[in-house]
Amino acid sequence: MRIFYADQFVLPLPAGHRFPMPKYSALRERVAAVAADRMRVADAASDVELLRAHDAAYVRRVVDGTLDAQAMRRIGFPWSHAMVERSRRSAGATIAACRSALESGCGVNLAGGTHHAHAGFGEGFCVFNDAAIAARAMQAEGRAGRVLVLDLDVHQGDGTAAIFAGDDSVFTCSMHGRANFPFRKSASDLDIELDDGTADAPYLAALRVALPRALDRAHPDLVIYLAGADPFEGDRLGRLSLSKAGLEARDRHVLDTLRDQGLPVAIAMAGGYAKDIADVVDIHYATIRCALALWGAQCTASPAASS
Ligand SMILES: [Zn+2]
């Protein structure tokens, strides 16, 4: 089980910007204290890899810095070469996490989950759609035929749903706040909409219904799991009311189920906007600790996990 990070590729942001850039280095440090030997820097996603999920004109404008002001406002970041590199690295880390998953059972990207990126535009702090790019990369490399993108970020995975609309080989499942961003949602293969204020018990009950339905319909060779930290009750953008224990139970249920069924899983962190970044890091760290408990020991002994 490999863990990939990209936090040294910092995205320069103006003071007061609400994207929680510091969470990535804090999370990497926390994970390094228990699993440094598993951690790697992934290659940047190449143009060929980006173009399997994105329109050529969009990729060119992102890379050249020629998106217009409205398109940049929609993304929510100022353009810079560093923004492009950061976005490529984050997508590359999900690709690498998928390869690790297919070799050892599980792989982790300590960033990623940029699910609002569509084929032809970025939105909501998402430039490139890492899950879509990685799913298509695994198919192109002949490593996986069918992929399930299981998106438990509190916001709907609209970009992923739109990219794979009409593609039966990738099943998209999103469980999210009904009243939350994006306000015009795309249709996933399976959408579960939750009311504002949904707490642990009803959330977990909905998950226990949705997950087997998604697995049954998707028949995946690989699962890409977006383990968003933003269903947390203390999240500024979340509108749900899950506790940290509830989020840990969510991760345990998902990862136990996948492990029991022998399904490889690549985990991306996705959103997390609690006022105190330490809370976001706690939640993401608990996800990784859960994965390490399930796949960590097994992979230490496996020579297949060396790549
Ligand atoms: Zn989110």
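Which residue in β8 is the bridge partner of Val 223? Here are a few notes on the way to that pairing and beyond.

1. This is a predicted model, in which local features need pLDDT of at least 70, side-chain atom pairs count only at pLDDT 80 or more, and totals for chains, interfaces and linings use all residues. Residues are numbered from 1 along each chain as its sequence is written, and side-chain values use heavy atoms, with hydrogens and water left out.

2. To your question: the partner of Val 223 in β8 is Val 265. Strands β7 (residues 222–226) and β8 (residues 265–268) run parallel, paired over 4 bridges. (Strands are DSSP E runs of at least two residues, helices H or I runs of at least four, both numbered from the N terminus; pairing takes at least two DSSP bridges.)

3. On β7 you will also find strand β4 (residues 147–151), joined in parallel by 5 bridges. Leu 150 sits opposite Tyr 225 there.

4. In a regular strand, side chains alternate between the two faces of the sheet. In β7, Leu 222, Ile 224 and Leu 226 lie on one side, Val 223 and Tyr 225 on the other, and all are buried (under 20% relative accessible area, with a 1.4 Å probe and protein chains only).

5. Ile 267 touches residues including Tyr 225, Leu 255 and Ala 291 (heavy atoms within 4.5 Å).

Definitions and conventions:
Buried means under 20% relative accessible area, exposed over 50%, partly exposed in between (1.4 Å probe, protein chains only). Lists of a residue's contacts leave out its neighbours within four places in sequence.
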